[in-house]
Amino acid sequence: MQERQYGRNAPRRYGGSPAPPGGNLAETQPKKFFLKEKIGEMLKYGLPLLDSFPRRERKLADTIRNSAMAMFRLAIRLEKKYYKKTTLEDLDIELAVLKEFVVIAADKDYRGGKHPPPLTVHQREVWSRYNVEIGNMIGGYKKYLNANAKGKPEQQTRGGSENGSTEKH
């Protein structure tokens, strides 16, 4: 048995399960949740832009930041939950809120003609592309969940009916 070292220079053990006997670590890596990854990419793009908002637009920047962070939290919750429909609806609503605030941040008429908008047209277009991609992923995920939900009652009635037959109705 190997002696364990204690102290400052001792090798650290971070727990977790040991490597599989075959040594193939690729099989043990968790699968990526692409919706969460895409929201993370959007955050990497948008948060530095929000930091550069002028002082008079801090409230708008905070609102957009809170909305984007709420989306990321909902994506994490969606990844971990078993019943996902309500969380997916909340994520879809938060995306709609974020889209509207991004439009407001790029609108010239929002603060009058005196001040330029905090987001340029190009920044709005890029951010809108991220939002559209995330919206498409949410829509596809909704279709997937609805298709599975429609299949579940059919599987429950397959086992038998009131008269004891096992025919599919």
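Axes are lines fitted to C-alpha atoms, for helices over the stretch in contact, and angles run from 0 to 180 degrees between N-to-C directions. This is a predicted model: local features need pLDDT of at least 70, side-chain atom pairs count only at pLDDT 80 or more, and totals for chains, interfaces and linings use all residues. Residues are numbered from 1 along each chain as its sequence is written, and side-chain values use heavy atoms, with hydrogens and water left out.

**View 1. Helix 2 packed on helix 3.** The two helices pack at an angle of about 155 degrees, and their axes are 9 Å apart. That makes helix 2 roughly antiparallel to helix 3 (angles under 35 degrees count as roughly parallel, over 145 as roughly antiparallel, 65 to 115 as roughly perpendicular and the rest as oblique). Their crossing is left-handed (the near helix is turned anticlockwise from the far one by less than a right angle; clockwise would be right-handed). Contact means heavy atoms within 4.5 Å. Residues of helix 2 that meet helix 3 include Leu60, Ile64, Met71 and Leu78. On the helix 3 side, Leu91, Leu95, Leu98 and Val102 are among them. The residues of this contact divide into 17 nonpolar, three polar and three charged. Here Ala, Val, Leu, Ile, Met, Phe, Trp, Tyr, Cys and Pro count as nonpolar, Asp, Glu, Lys and Arg as charged, and the others, Gly among them, as polar.

**View 2. The whole chain.** The protein chain has four helices and zero strands. Both are DSSP runs numbered from the N terminus: helices are H or I with at least four residues, strands E with at least two. From the N terminus on, the order is α-α-α-α. Of the 169 residues, 27% are buried (under 20% relative accessible area; exposed is over 50%, partly exposed in between, with a 1.4 Å probe and protein chains only). Among contacts with a separation of 6 or more, 67% join residues 24 or more positions apart.

**View 3. Helix 1 against helix 2.** The axes come within 10 Å and cross at roughly 165 degrees. That makes helix 1 roughly antiparallel to helix 2. Helix 1 passes helix 2 in a left-handed crossing.

**View 4. The largest nonpolar core.** This core has 31 residues, and Met42 and Trp127 have the most contacts inside it. A nonpolar core is a set of buried Ala, Val, Leu, Ile, Met, Phe, Trp, Tyr and Cys residues joined through side-chain atoms within 4.5 Å. Helix 1 (34-51), helix 2 (58-80), helix 3 (85-106) and helix 4 (121-158) each supply at least two of its residues. The largest share, eight residues, comes from helix 2. Trp127 touches Met42, Tyr45, Gly46, Leu49, Leu50, Ile64, Leu98, Val102 and Leu119, not counting residues up to four places away in sequence.

View 5. Thr87 is found in helix 3 and is buried, with a relative accessible area of 2%. Leaving out residues up to four places away in sequence, Thr87 touches Leu74, Arg77, Leu78 and Lys81. Leu88 also lies in helix 3. Leu88 is buried, with a relative accessible area of 1%. By the sequence rule of up to four places, Leu88 touches Leu78, Ile138, Tyr141, Lys142 and Leu145. Leu88 and Leu145 are 57 residues apart in sequence and 9.8 Å apart in space, C-alpha to C-alpha.
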